[in-house]
Amino acid sequence: MFQIIWQHTRRWQRVCLFAAPLVMLMEVFCDLQQPTLMSKIVDTGLAGSGHPQFILQTGGVMLLIALVGACSGSGCNALASYASLKMGQRLRNHLLSLALATRNGHDLSTPTLITRITNDVIQMQNLVMTLTRSLVRAPFLLLGGIVMAFLISPRIAWILAIVVPVLLLFMGLVIRHSVPLFTKMQQAIDRINRVMRETLLGIKTVKSFTLENQQQQLFDQINQQVQTSSVAAQASVIILAPVVTLALNLSIVAALWFGGGLHASHLITTGQIMAFVNYMIQITTAMINTVNTVSSLSRAQTATARIQAVLDLPQDAEPTATVALPTDTTLRFEHVNFAYPGGENVLTDIDFELPAGAKLGIIGTTGSGKTTLVDLLTRLYDPTSGRITIGGVPINQLSLAQLRQQVAVALQNSVLFSGTIASNLRYGKETATDAELVVAAQAAAAADFIAARPGGYQAQVTQRGNNFSGGQKQRLNIARALVAQAAILVLDDTTSAVDLATDAHIQQALRQVRQGKTTIMIAQRIAALQDSDLILVLDHGHIVARGQHATLLQESAFYREVAVAQLGKEVLTDA
Amino acid sequence: MPNVAMKRPPRGQHYTEEQLKVQHLKPTLRQLSGYLLQKRWPLAAVFGFTVVTTVVSIIGTRLNGLIIDRYIRTDRLKLLAMVCLLMVGMYVVASGFNWLQSHFMVNIAQETSTRIRQDVFTRMQRLPLSYFDQHPSGDLMSRLTNDVDNINTALMETFIQLFTGVISVVGMLIAMLVLSPALTLVVLLASTGTYFLSRQIAKFTQTAFRQQQAELGQLNSEIEETLSGKKTIQLFEQADQVLTDFRATNQRYVHHAYQAQVFSGALGPLNNMLNNLAYALITVLGALAILHGYQGITVGIMFAFLIYMRDFTGPIRNMLDLINTLQVSIVSAERVFAVINAPAEQDAPHVVMPTLTGTIALQHVTFGYQPEHPILHDISLTAKPGEMVAIVGPTGAGKTTTINLLTKLYPLTAGTILIDGHPIDQLDRYALRRQIAIVQQEPFLFSGTIQANIRLGRLDASEADIVAAAKAANAHDFIMQLPAGYQTQLSDRQQSLSQGQRQLISIARAFLAQTPILILDEATSAIDTKTEMVIQQAMDQLMQQKTSFVIAHRLSTIQKADQIIVIDQGRIVERGTHAHLLAQKGLYWRLYRSQFQGKDV
Ligand SMILES: Nc1ncnc2c1ncn2[C@@H]1O[C@H](COP(=O)(O)OP(=O)(O)OP(=O)(O)O)[C@@H](O)[C@H]1O
Ligand SMILES: Nc1ncnc2c1ncn2[C@@H]1O[C@H](COP(=O)(O)OP(=O)(O)OP(=O)(O)O)[C@@H](O)[C@H]1O
Ligand SMILES: [Mg+2]
Ligand SMILES: [Mg+2]
């Protein structure tokens, strides 16, 4: 916990971490001065016939000290806020960058990552706030009180020697008991967040299928769990304050009782008993505050552990550009096999070569592994065996940055981000000029509808591109990949929602754009594939046929059937 | 004009002063107390417990003094023992009550926030789709989580302390008045000063808090969006850029949060200062009064008075500290209630809806997502029971939009839609939607098993029905190859199924549903042609008894439609059967021809 905090603070924030409690002590100190000064006024100012001068002077000092105290208090708060917020800021940045850097296939799912970076970080922030403001104050008051009590009268202070350790032990036990309860609560909260999030994201489905009642039931059920587990977790710590208060109050009574006995035997004075009781009261307050701090510590424990898990995500060591980027873009898959973690082979013995500048078409049944094949090329995953080379260089010797600079992908599901059309297209290349955007948009047959939007390229894109039609999103997706102007272009079934006329237009334009680029095109439509230099027919992860359009019409039953269905019987006679 | 690349515009909205003002303080407080009043008996109990514990602590403090004066000094040990026993009893009871009080309060706070969460969720599900177009889900999530949490914390902390505070304040005020009305006046003046100071700061901090929570919503939206689009970001090596944007938002949040916290945190020390000033004033004035023999004030009176004053202003200080907590919670409550109070989807007064035969008529329908930008213009069409209507057109023509209107997802701008002769806005939307099965262009799967996902088509379907539907959708085979078959868990945005497989699941839902109306919005776009042909046969059979609307780009699938509607730029440009439209040589003909275009190159 302290390690996380320490690692996510820098020089000044660390200074604040320590300065805040010190300044807080200053405030306490100022507060404690007032009674002393007051007693001076009474003892000296009122002595004899009185010294009004002295009274006013001391009063002035009291005012001054009040002012200093207020400044220290606000100062402490400012310092503590600074440290905690800055820590939160760094931690959030760090977590998000880690989450973005990790490869796929780790076991933290997107929703829990989201809760961790949002809610748990806030918890840590609050923790730092508590720590810097009260962790020093309360224990100091506690310790001071105990020491003073012993100095005053060891004869009754033995009560403390029994009570305080017992209470500390009790606190420890309670907190140990509470940690798993808080974890359980957090898990329930995670679950409810997931339901809420899914309902939000899938609201159209929920409405269309009238799933409101079902979702409501699910929600209510988990909501109930959240309630039960929160109550259980909090109930486990609310026992602390009453027990501590009771123990200390009883100690006071004991002190009075034994003190009374000792007084009768003239072993103690009334003043000593009074002072002792006063210190006991101070100890009680300090102990309760410590309890509160400690219980917030235990609550933060859960958040800390969850954040730690993100910090511990495996970060594979990436090669840092050991070889220069090959200019040749000949692609080779050499006996590549792949299985998702814990699953069966999704790709088996994929082996082909694609000369630089050529076009590879991939067609295949649903779920046959087309997307996965491309994911291997961009190293979203690594093959289980076999290797992939670009221009003779195995891709795992290139840095990810090099590789992805070389390969531009239009993914199968077109993810857009909120912002403007231009900002989305510039994902491909940050430095793209407006003219370049227009060229790419034209090739993707997106220029017209962009121009028709109010604002054109500056038109707003809302979350996930919800304000565009399916086909419009796909075309922006293609344009984004084209903007990148990478040497290898990959299009994963990116025109499935585009009407045929527009698709034909896109294919035509692509033929221009991809001049000199190695292209991989996954498609269901034969029309988009037939000019490929090589077409692979995939089925259940195997290449079941390969060749050019004409060859495949002869050799692959699957290809032939699809072609006939789409283009009519004439396709056979034409070829 | 080859521009230098522009920086991405900041994603954050910016808020005007107007938006940030405390607009709804009173209604918000009223609504919040509405929730608490539902718990009035437990709250009353808490109040009772608090009275006991506070009184015990006041009496206890007095007794300590009394014991010393009356029993210890005089060594009356028997009586001392009795009083000690009495105190033990008192303290045990008080601690018991103290525990009960926390216990009740935990329950009240949790139950209240459970209720609030539930209300938000219930309302959220009833909000019109256009609401979700305008509010990013990250921000909504932030309201549902952070803001509800803030309310919860405030409830927990505030109420007990307020009760305790009020009781001590009243007790001490009486004690002070008895001792010296003049000095009490000084204390009261100081307290009033404190009150006004707090009010001023409160106004200021509330604005800052609102901004803080709004920025937090924005921050969460970005986290949400970034992590959901991780694959794209990684492939385009955009992590740095995205993180730069994020850092900026993060910085803005921290900036506003810092303002909010510094000012609200200064509240406590400032109040403390005023109290100390009062302390000093009373000491000085008291001392001077003693010197001048004014109003019979003695050292003893002054001494006792100062102790009482500590007990009087202490709770006041505490209560003012709470203003802090309250501020966050009121801003949060406002954000939460904004969702709860948002107008729900318009619904008709419940008309009993018979099972539909499926006659659908659109009459002069005009619609725009923003009414000032119409997307559909004057759409009229009629579908008779059992008919298959195909909607064709270039992308972005408004096909999906037309479908959205049929299921009442958006309200019409003009025109009417009649279903079995009933205007759609007079039908209960649940009843209506329950009679329409739809396969969406972008299927959404929920986390849960595959079986549960298919079952969404018809919630009371048996396992056999589900398997049959999956078979008809040609999804059975791949499902059986998954490690746990139908019980395979889908999670995390369903990344573990291929795009086409997700579509198959969504089609299986439609096969399961037994509705008179079926809508397929590019249901098979990501599915290979061979599989599609297999499904098509089953689909044809399914559609025989239903009124169906089919949107498809592969025209082979819609050739046998009873009528084909061609939409372009939101208008119907052609209609008729396949043969008829081909003969017209219009847009449909061109679309149809382009299918073969690849071939003649
Ligand atoms: N939620 C929305 N908010 C604002 N505009 C929208 C929204 N959804 C769609 N649009 C716009 O409305 C127009 C029609 O979109 P619609 O989704 O109906 O097209 P479509 O015919 O289904 O196209 P496709 O074949 O690409 O799916 C498009 O210009 C689109 O950008
Ligand atoms: N993240 C994953 N974890 C486990 N299995 C996966 C994952 N992603 C895909 N699969 C499985 O791997 C197989 C191949 O998936 P892939 O997405 O490559 O298919 P595809 O050929 O692109 O299909 P489609 O045409 O439907 O897009 C499928 O059976 C799918 O269920
Ligand atoms: Mg795929
Ligand atoms: Mg559409």
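The domain bounds used here come from an automatic or database domain assignment. Please keep in mind that this is a predicted model.

**Domains of chain A**

- Chain A is assigned domain 1 (1-138 + 298-315), domain 2 (154-267) and domain 3 (331-411 + 486-574).
- Between the C-alpha centres of domain 1 of chain A and domain 2 of chain A there are 23 Å.
- To their contact, domain 1 of chain A brings 13 residues and domain 2 of chain A brings 12 residues.
- Together, domain 1 of chain A and domain 2 of chain A bury about 970 Å² between them, and 56% of that area is on carbon and sulfur atoms.
- On the side of domain 1 of chain A, the residues that lose the most area to domain 2 of chain A are A:Ser298, A:Arg299 and A:Thr302, which together account for 47% of what that side buries.

- Helix H3 (residues 52-101) of chain A and helix H7 (residues 181-228) of chain B have axes that come within 10 Å and cross at roughly 15°.
- Because angles under 35 degrees count as roughly parallel, H3(A) is roughly parallel to H7(B).
- The crossing of H3(A) and H7(B) is left-handed.
- H3(A) makes the contact through A:Arg92, A:Leu96, A:Ala99 and A:Leu100, while H7(B) uses B:Leu219, B:Ile223, B:Thr226 and B:Leu227.
- Of the residues in the contact of H3(A) with H7(B), six are nonpolar, one is polar and one is charged.

Notes: Residues are numbered from 1 along each chain as its sequence is written. Chains are lettered from A and ligands numbered from 1 in the order in which they are written. This is a predicted model: local features need pLDDT of at least 70, side-chain atom pairs count only at pLDDT 80 or more; totals for chains, interfaces and linings use all residues. Side-chain values use heavy atoms; hydrogens and water are left out. Axes are lines fitted to C-alpha atoms, for helices over the stretch in contact, and angles run from 0 to 180 degrees between N-to-C directions. Helices (H or I, at least four residues) and strands (E, at least two) are DSSP runs, numbered from the N terminus. Angles under 35 degrees count as roughly parallel, over 145 as roughly antiparallel, 65 to 115 as roughly perpendicular and the rest as oblique. A crossing is left-handed if the near helix is turned anticlockwise from the far one by less than a right angle, and right-handed if clockwise. Contact means heavy atoms within 4.5 Å. Ala, Val, Leu, Ile, Met, Phe, Trp, Tyr, Cys and Pro count as nonpolar, Asp, Glu, Lys and Arg as charged, and the others, Gly among them, as polar. Buried area is the accessible area (1.4 Å probe) that two parts lose on being put together, summed over both.
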